[in-house]
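Please look through the sequence and the structure shown below before reading the notes.

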Amino acid sequence: MLDQRRLPAEEVYVECERPEQVAEAIRNMTIRGAPAIGVAAAMGIALGAMTVRVKSVAQFQEEFEGICRMMVDTRPTAVNLSWAVRRMKDVMRRHGEQDLDGLRRALRAEAMAIREADIEANRQMGQHGKRYIRNGSAILTHCNAGALATAGYGTALGVIRAAHEEGKELEVYVCETRPQFQGARLTAWELKRDGIPVTLITDSMSGYLMGKGLIHLVIVGADRISANGDVANKIGTYSLAILAKAHGIPFYVAAPLSTFDLSLGTGDEIPIEERDSREVTHPFGREIAPGGVRVWNPAFDVTPHQNITAIITERGVAREPFTKGLRDLFS
Ligand code: MRU
C-alpha cells in the first residue's frame with residue numbers, strides 16, 4: 001500500500017506479508033479513509049487466511065476469529081471496517097463445509113470483491129452527485145475523501161471528478177485539515193495530479209471565504225452515518241456544515257452504503273476516536289506548544305442531519321426526512 005503518511009513528499013509503497021502488519025498500517029494511518037481501511041482489513045484477513053499455518057479447519061477458524069478481532073480493534077469510528085470484517089465472517093460461515101484450500105480461495109475472492117465493489121460504488125456516486133455541481137462552481141471540501149481514502153476514484157472527490165470529466169469548470173477549495181493535514185497533503189495532491197483547479201486554505205479561513213460569496217457548495221465524505229442521517233466525519237466537518245447553513249450554501253455528504261450504521265438511532269451513539277496528543281503539539285515532529293500543555297484530540301465530529309442538504313450514495317440520494325430516505329435506499 002502507498003504510505004499516506006509520507007505524501008506528498010515521497011511516494012513509497014509498504015508491503016505487508018502478515019495480517020499484523022496490515023492492522024498496524026491501519027492504526028498508524030499508513031492507510032486511512034473509511035472505505036480504504038475497510039478494504040485493507042478484508043485484504044489483511046485474506047492475507048492471514050493464506051499465510052496462517054494450521055493443521056485443521058477448526059484451528060484455522062480460531063486463527064481467523066483472532067485476525068478479525070485484531071482488524072476491528074484498529075480504529076473505532078469508521079464503520080466500514082467492521083462492515084468488511086462482517087462480510088469476511090459471512091463467507092467463512094457460508095463455506096463452513098469446505099477444506100482449507102476452499103476456505104482460503106473463498107476469503108481471497110471476497111476481499112477482491114469488496115475492493116471492486118467499492119470502486120464501482122464511487123463511480124455510481126459520481127453519476128448521482130455530479131448534477132449538484134454546476135459549470136463554474138466553487139466547491140469546498142475537507143480532509144481527503146478521494147482515491148486514497150477508498151479503493152479508487154473517491155466519494156466526495158469522486159463526485160467532483162465526475163463533474164470534471166463531464167467538462168464542467170470547477171474550482172476546489174481544500175481545508176488543510178489539522179492536525180494530520182489530509183487536505184493539504186493528500187487532497188491537494190490528488191486534485192493537482194488530475195488537473196482539477198485547487199486552492200488550499202487553512203481550516204480557519206472557511207467562514208471568511210463563504211462570507212465573501214466564494215463558495216457555491218460544500219461536499220465531504222463520511223466515516224459513519226446513523227439511521228437518522230447524522231454524519232461522523234473528520235474533525236472540523238461540523239463547523240463547516242454550520243457555516244454553510246448560515247450562509248445558505250448547500251452541504252452534501254457522499255458515502256457508500258458500507259458507511260451507514262442503521263443499528264444506531266442517532267450520531268450521539270457513534271464512537272469517536274481520540275488520538276495521540278502529539279499530533280497536535282508536534283506536527284511533522286516539531287514541537288509547537290509548551291511542554292505538558294493539556295490537549296484534546298478527537299479525530300472526528302458528528303454533524304446533525306438538520307445541517308445536511310443531501311446524502312449521495314451509490315443507490316441514489318437521500319434528503320430530509322433522512323430516516324425514511326435511508327430506509328428506502330436500503331430496502
Ligand atoms: O482519520 P482519517 O484520515 O481516516 O479520516 C478520514 C475521513 O474523515 C474521511 O473524510 C472519510 O473517511 C471519508 S473517506 C471517503
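**Charges over rings**

Lysine 234 lies over the face of phenylalanine 300, and the distance to the ring centre is 4.3 Å. A charge sits over a ring if NZ of Lys or CZ of Arg is within 6 Å of the ring centre and within 35 degrees of the ring normal. The model is predicted: local features need pLDDT of at least 70, side-chain atom pairs count only at pLDDT 80 or more, and totals for chains, interfaces and linings use all residues. Residues are numbered from 1 along each chain as its sequence is written, and side-chain values use heavy atoms, with hydrogens and water left out.

- The charged end of arginine 123 sits over the ring of tyrosine 153, at 4.1 Å from its centre.

**Aromatic pairs**

- Three aromatic pairs are found in a search of the whole structure; rings of Phe, Tyr and Trp (its six-membered ring) pair if their centres lie within 6.5 Å, and planes under 30 degrees apart count as stacked, over 60 as edge-to-face and the rest as tilted.
- One of them joins tyrosine 132 and tyrosine 252, whose ring centres are 4.7 Å apart with planes at 25 degrees, so this pair is stacked.
- Tyrosine 132 is in the loop between α5 (100–129) and β1 (137–141), while tyrosine 252 is in strand β7 (residues 251–254), so the pair ties together parts that are 120 residues apart in sequence. Helices (H or I, at least four residues) and strands (E, at least two) are DSSP runs, numbered from the N terminus.
- Tyrosine 132 and tyrosine 252 are both buried; buried means under 20% relative accessible area, exposed over 50%, and partly exposed in between (1.4 Å probe, protein chains only).
- Phenylalanine 260 and phenylalanine 330 have ring centres 5.5 Å apart and planes at 70 degrees, so this pair is edge-to-face.
- Phenylalanine 260 belongs to strand β8 (residues 260–261) and phenylalanine 330 to helix α11 (residues 322–330), so parts that are 70 residues apart in sequence are tied together by the pair.
- Phenylalanine 260 is buried, at a relative accessible area of 8%, whereas phenylalanine 330 is partly exposed, at 31%.

**Helix α1**

- In helix α1 (residues 19–27), the buried residues are Pro19, Val22, Ala23, Ala25 and Ile26.
- Seen down the axis of α1, these buried residues fall within an arc of 160 degrees, so they line one face of the helix. The arc is that of the directions from the helix axis to the C-beta atoms.
- An α-helix has 3.6 residues a turn, so residues three or four places apart point the same way.
- The buried residues of α1 pack against α2 (34–51), α3 (57–72) and α4 (80–94), where contact means heavy atoms within 4.5 Å.

**Cavities and pocket**

- On a 1 Å grid over the protein atoms alone, a cavity is a set of points where a 1.4 Å probe fits but cannot get out, and a pocket is an open set with protein on both sides within 12 Å along at least five of seven lines; lining residues have an atom within 4 Å of a point.
- Four cavities of 30 Å³ or more are found in the whole structure, and the largest cavity has a volume of about 160 Å³. Grid points are joined across faces, edges and corners, and a volume is the space filled by probe spheres set on the points.
- The largest pocket holds about 580 Å³ of space.
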